[in-house]
Amino acid sequence: MTGSPREAKLPKQAPIANFSDVGENSWREWADLVPTMLWIADADSNCHYFNSQWTEFTGLSQEQISARGWTQNIHPEDLDSWEQIYATAGNSPSKFQREYRLKRADGEYRWIEETVVPKLTPAGKFQGFIGTATDISGRKKATNELLEYQQKLEETQKVAHIGNWEFDLTTGEVTWSDELKRIYDLEINAPTPSYPELVQQIHPNDRERFQQTINDAIAHRQPYEIDHRIYRLNGEMRYLIGWGQIVQNHQGEVIKLFGAALDITDRKQAELALQMSQKRLRAVVNNAPIILSCIDRRGIFTLSEGKGLEPLGLVPAQVVGLSVYGLYEKYPQIIENINLVLAGEEKIWSAEFSGHIYETRGTPIFDEKGEIPGLIAVSVDITERARVEEALRESEARLRLILENMPVMLSAVDAERNIIVWNRECEQVLGYSTSEMVANQQAIQLLIPDFQYRQKVFKEIVKLEHNFRDLELEIQAADGNVKTIAWSNISAEFSVPGWDFWGIGVDVTERTAAEMALRESEARLREQAVELELAFNTLGNTQAQLVQSEKMSSLGQLVAGVAHEINNPVSFIFGNITYAKDYTKDLLKILELYRVAYPKPTAEIEAELEECELDFIREDLPKLLDSMEVGAERIQEIVKSLRTFSRLDEAEFKAVNIHAGIDSTLMILAHRLKQKREQATISLIKEYGNLPLVECYSGQLNQVFMNLLSNAIDALEEKAKELESADAQSSVYTIKIHTEVVEEERVRITFTDSGTGIPESVKQRLFDPFFTTKPVGKGTGLGLAISYEIVVEKHHGTLECNSQLGVGTEFAIEIPIRQGILDL
């Protein structure tokens, strides 16, 4: 146990020669003042007295440790030896000491050292023991650490790189270890320097001292140790510590000198740096506006430095040696804090001297035994800071008054999220008084009773990191109405001491309702606008389709009329060609007979025969008639294709041959499929499947075939234009038409070209009315839109496009074979 400032002031008492000289109470008071643990036991080792230092150390009461009850707190490993010591102690009148571990009330084992004196009667009879005990846990710990350090040091020395050398005084030979050569920056295989060479590498300022140390060791036959500097071969200076001893022969003559060296450059540099740091620290303390003081446990100043003494008109010499109890006699609070620091607590206090306010931090100093020999105090002049803080407090008070009366809602919470500010505007808007809200742990639940909405608000605030503006919150007022409050958290920009989070709010309930009504009205207007735009687009699409349908109908009528007008004369011509051929054969036969019967025609006939080349006519006239017959047949086929394409005779919904419709379309487009100069050759591939008759509007379906085939030809011609003329002529482009039955109820017709392909952005709008990528005058943007409506709407089928840029495009049509009863 350690003393206190109060104990240091006790008046001196006359020494007590014998316990019998004073009463028991006075003796016990004296024993409690002894700064060590004291106990008394009888001859049976039963303890019947422990002083207050013992009970304070163990934390046990007199009743708990009386007799032998306290022995149960001895460490089990120490109990046997403790009992053996007591068993033999009564046989000897000499005092003895022992060490063991004792468990305190808090469960911690502490090492104590006891000094025990046997009590004897005047006749020499053994009566018991008187013992004192001291807490040596700190010393034990230090001893154990020292032993551990010594053990580690021994182990380290085994592997440490310490250079050794040996100097034979008889022969003058010097032997170096490899590590010493490394220290001197020598090659391992280099010759070993002689002793004079070794000395020459020592720093000139250390050389004489080194030589004298060696000479003294030889003269006095004693070991030596010396710090010195050396220069390595590369010019670098190193610090070494060297030690060694002499070796003597049997006659006592010194014959060898053995030495070792360890490079301590890093340590030396650290020591120099530490010394420099200490100098700088002292310079800082002496020039800083602080006071650094050391006070021993008696309360005496042992150190007082710093520029902070100047405002007080003091110098260090005037303070050192003074007692804090005298210096601070009028400042009981300072004395109280110093006593608390000397008792082991770290304290901070403030006091005013000569118009200056100083803030002092006192820190206890602990020695290796855990005792407190004194304290260190650092005092800082905070006069200016205190004035600023006072002005700040006044400013904050004015600010709080202003905020309290602001015409906007203002609320603040502390670190525990309790409302600590609730201004008048909050009371007026929400109806809750300040007394109802401040320090009310259920305030948030009152304002936002809906748990899920409350959690949503909390998550949003955390997401915004408590930094937000005009966050609209639905708050329930005292009357049950829900108010919309636009809340702004401005605590990050304007920090107020004690206010963890705070912000301002504005009641925007009416504005929000008006905005909601406006948004609803705008939504209705937008819906009406969308509906109107949709109706307009539908009307335009329908109108365009009607115009296109009318055009196609007129074109069909025109084609049908032309076909009819052409068909009559062609039929007449075709029918008479047969008779003309027969008549011609007969005439040529008669001419041949005349030639046989009259081989010598008249001169006039001979001349005419030569003029008209009768032999050529006889040979060419049948060929001419055959050619005319082929041409008439071709015209009939074209007329038939025109009639098939127009289908004016088949305007109703009926079963038709799909392949015939495709072929008639190809007949009309034949002029575009033939190779022209500087154009690509288009190869037509037909992969017709075995299709049944399909119920459809054949004229409209032929229109779809025309649109798809025309687009395919356009794509191939576009791709040919991208190539050079020679490449375009030598290239072959294909259009493949494939038909098949799928799912036994539908027919699939695909038109595939090897053209340029369609970009994805264009592909998404292919079937939109009036959308076209062709130049003005070449496309209306209605062909695919009308085709889509004919296939999808009129025939309940599908029209799809699959395309890849640079590869080609495929349009696929699927329609039912049987339409059934349809609303067409």
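Which residue does the side chain of R110 meet in a salt bridge with an N to O distance of 2.6 Å? The partner is D135, and a salt bridge here means a side-chain nitrogen of Lys or Arg within 4 Å of a carboxyl oxygen of Asp or Glu. Please keep in mind that this is a predicted model, where local features need pLDDT of at least 70, side-chain atom pairs count only at pLDDT 80 or more, and totals for chains, interfaces and linings use all residues. Residues are numbered from 1 along each chain as its sequence is written, and side-chain values use heavy atoms, leaving out hydrogens and water.

**Salt bridges**
- By this rule the count is 21 salt bridges.
- R110 sits in strand β4 (residues 109-120) and D135 in strand β5 (residues 126-135), so their bridge ties together parts 25 residues apart in sequence; strands are DSSP runs of E, at least two residues, and helices are runs of H or I, at least four, numbered from the N terminus.
- R110 also bridges to E108, with the closest N and O atoms 3.3 Å apart.
- Shared partners join R104, D106, E108, R110 and D135 into one network.
- D135 is partly exposed at 24% relative accessible area, where buried means under 20%, exposed over 50% and partly exposed in between (1.4 Å probe, protein chains only).

**Nonpolar cores**
- A nonpolar core is a set of buried Ala, Val, Leu, Ile, Met, Phe, Trp, Tyr and Cys residues joined through side-chain atoms within 4.5 Å.
- In the largest one, of 40 residues, I658, F705, F751, F811 and I813 touch the most other members.
- Helix α24 (698-722) is among the contributing elements, and its 10 residues are the largest share.
- A second, separate core of 23 residues includes V199, F210, A217 and I226.
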